[in-house]
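This report describes one protein chain for a reader who is new to structures. Please keep the sequence and the model in view while reading.

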Amino acid sequence: MRGLYVLLMVGVLVVASSRDGLKSSIGQTDHQKLMRSNTSLPKLSIGLIVPHTSFGVREYTRAINKAVLNLYKGHGRTKGQSRFSFLDKYEFTPSQVNSTMMKLTPSPTAILDSLCKDFLSVNVSAILYLMNYEQYGRSTASAQYFLQLAGYLGIPVRASQSSLQLQLAPSLEHQTAAMLSILERYKWHQFSVVTSQIAGHDDFIQAVRERISDMQDTFKFTILSAILVTEPHDLLELVNSESRVMLLYSTREEANEILSAAREYKITGENYVWVVTQSVIENLQTPSQFPVGMLGVHFDTSSESLVSEITTAIKVYAYGVEDFVNDPKNAKQSLNTQLSCEGIGESRWSTGDLFFKYLKNVSVEGDQGKPNVEFTQDGVLKAAELKIMNLRPGVSKQLVWEEVSLNHLTCTLPTTKLYLPEAIASRDAGYDACLNVQK
């Protein structure tokens, strides 16, 4: 899937979930004082999909309550505005955030069941899909299926890329841009692309090609080969090529098998560098077959990060609703979807495409030191935070992933923090020889 997983979707996000719903219950607190429920107003509902957990329910609920409360108490968009003005036209409380927890590999039947019973039945106008699973196998395909269904229904989604999706997590495009920046830094002009059959592998190759095209006026790249590995012998093409730098996109388990075979074929070690995606690094654990000196891109997928994204997701939704409701052209438009799986009502939300345009054009102030949350016309974040990781020997000689600065990606300065194989030299003069410099 193009958005690797902290997918935040706005619109009808179709995702399989367990039947364990979260209850955004509010006690007799300031919440009720600020959010006096006006039953005469139409209800504004959204869906929220989060990873299944036995211990994090309280954190999810607390984040939902806080995010909605902040819309009421002095966190409006306009200076001097006490709250969002759409709250005068719609009832929106934590009770309207319909939350459900999704298991890792739901079946298509479970996905449909969740969509129909959890979301369409309460007329959600958006689905916030926050998943940070570190496994990228069937779960990726399941999420893709969910998103495709949501797009078919015309409901905007915060997630990866479908027709009506916004993505809060760094996309494959962000990751490929970072990977190619590493290659540019070292002046590695030629490389090969290696993928498994992971969902989205074609998208990864396409993202690499598009980024190369975007950079062609400043730096020339050549893809020597693009290999889909289904069997170890598929790597023989690399053995007989000039490739010394490989970009790898797969799951961590698949990467372990691929790199084990690569070691047997002697295409790891001092003359080779493998640069990998987040799906390979996952939670920073290092299988024994990973070669020292690997590079990769990484972003935070911790539970803490996911919970913080709930606030961002609800903010994006609120900003979009505010712009939509305050546009006089939408005076006769409703954010009540009236979709059904029972043949009653609309089969596709006719206002979904229009509402999505407002969501896509929001600008939400970022946390301190971070850029604003804004999206391209494709629904991808304009700016994403990625870390460059380097696989190095640790204190006990066990390999560990350590963050390095792209500003230090140089093979000539003795102060470099990068650990690379000794001779990333090649028969092609396009590669620089790098020193094995430790911190």
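The sections below take up the model, its cores, its strands and helices, its aromatic rings and its disulfide.

## The model and its numbering

The model is predicted, so to be counted local features need pLDDT of at least 70 and side-chain atom pairs pLDDT 80 or more, while totals for chains, interfaces and linings use all residues. Residues are numbered from 1 along each chain as its sequence is written, and side-chain values use heavy atoms, with hydrogens and water left out.

A residue is buried under 20% relative accessible area, exposed over 50% and partly exposed in between, using a 1.4 Å probe and protein chains only. Helices (H or I, at least four residues) and strands (E, at least two) are DSSP runs, numbered from the N terminus.

## The nonpolar cores

A nonpolar core is a set of buried Ala, Val, Leu, Ile, Met, Phe, Trp, Tyr and Cys residues joined through side-chain atoms within 4.5 Å. The largest such core has 54 residues, and Leu-71, Phe-86, Phe-92, Tyr-317 and Leu-335 have the most contacts inside it. Two or more residues come from each of strand S2 (45-51), helix H2 (57-72), strand S3 (97-102), helix H3 (108-119), strand S4 (124-129), helix H10 (303-326) and helix H11 (352-360). Helix H10 gives the most to this core, with 11 residues.

Helix H2 has 16 residues and reaches 24 Å from its first C-alpha to its last. This is close to the expected 22 Å, where the expected span is 1.5 Å times one less than the number of residues. The buried residues of H2 include Ala-63, Ile-64, Ala-67, Val-68 and Leu-71.

Tyr-60 is placed in helix H2 and is buried, at 6% relative accessible area. The C-alpha atoms of Tyr-60 and Ser-99 are separated by 9.0 Å, although the two residues are 39 apart along the chain. In helix H3 lies Phe-119, which is buried with a relative accessible area of 0%. The C-alpha atoms of Phe-119 and Leu-48 are separated by 9.1 Å, and these residues are 71 apart along the chain.

## Paired strands

Two strands pair if DSSP finds at least two bridges between them. S2 and S4 run parallel and are joined by four bridges. In one of these, Ile-49 has Tyr-129 of S4 as its bridge partner. Six of the six residues of S4 are buried, so this strand is largely enclosed by the rest of the structure.

Strand S7 (residues 190-195) and strand S8 (residues 222-228) also pair in the parallel sense, over six bridges. Gln-190 has Thr-222 in S8 as its bridge partner. The chain passes from S7 through helix H6 (residues 201-215) to S8 in a right-handed β-α-β crossover. Right-handed here means that, with the strands pointing away from the viewer, the path from the first strand over the helix to the second runs clockwise.

## Aromatic rings

Rings of Phe, Tyr and Trp (its six-membered ring) pair if their centres lie within 6.5 Å; planes under 30 degrees apart count as stacked, over 60 as edge-to-face and the rest as tilted. The structure holds 12 aromatic pairs. The rings of Tyr-317 and Phe-355 have centres 6.1 Å apart and planes at 85°, so this pair is edge-to-face. Tyr-317 is in helix H10 and Phe-355 in helix H11, 38 residues apart. Tyr-317 counts as buried at 0% relative accessibility, and Phe-355 counts as buried at 0%.

Phe-324 and Tyr-358 form an edge-to-face pair, with 5.4 Å from centre to centre and 85° between the planes. Phe-324 lies in H10 and Tyr-358 in H11, so the pair ties together parts 34 residues apart in sequence. Phe-324 is buried at 1% relative accessibility, and Tyr-358 is buried at 14%.

## The disulfide

A disulfide is a covalent bond between the sulfur atoms of two cysteines. Here it is taken as a pair of cysteine sulfur atoms within 2.5 Å, and the count comes to one. Cys-116 is joined to Cys-341, with 1.9 Å from S to S. The torsion about the S-S bond of Cys-116 and Cys-341 is about -85°, so the disulfide is left-handed. Cys-116 lies in helix H3 and Cys-341 in the loop between H10 and H11, so the pair ties together parts 225 residues apart in sequence. Cys-341 counts as partly exposed, at 37% relative accessibility.
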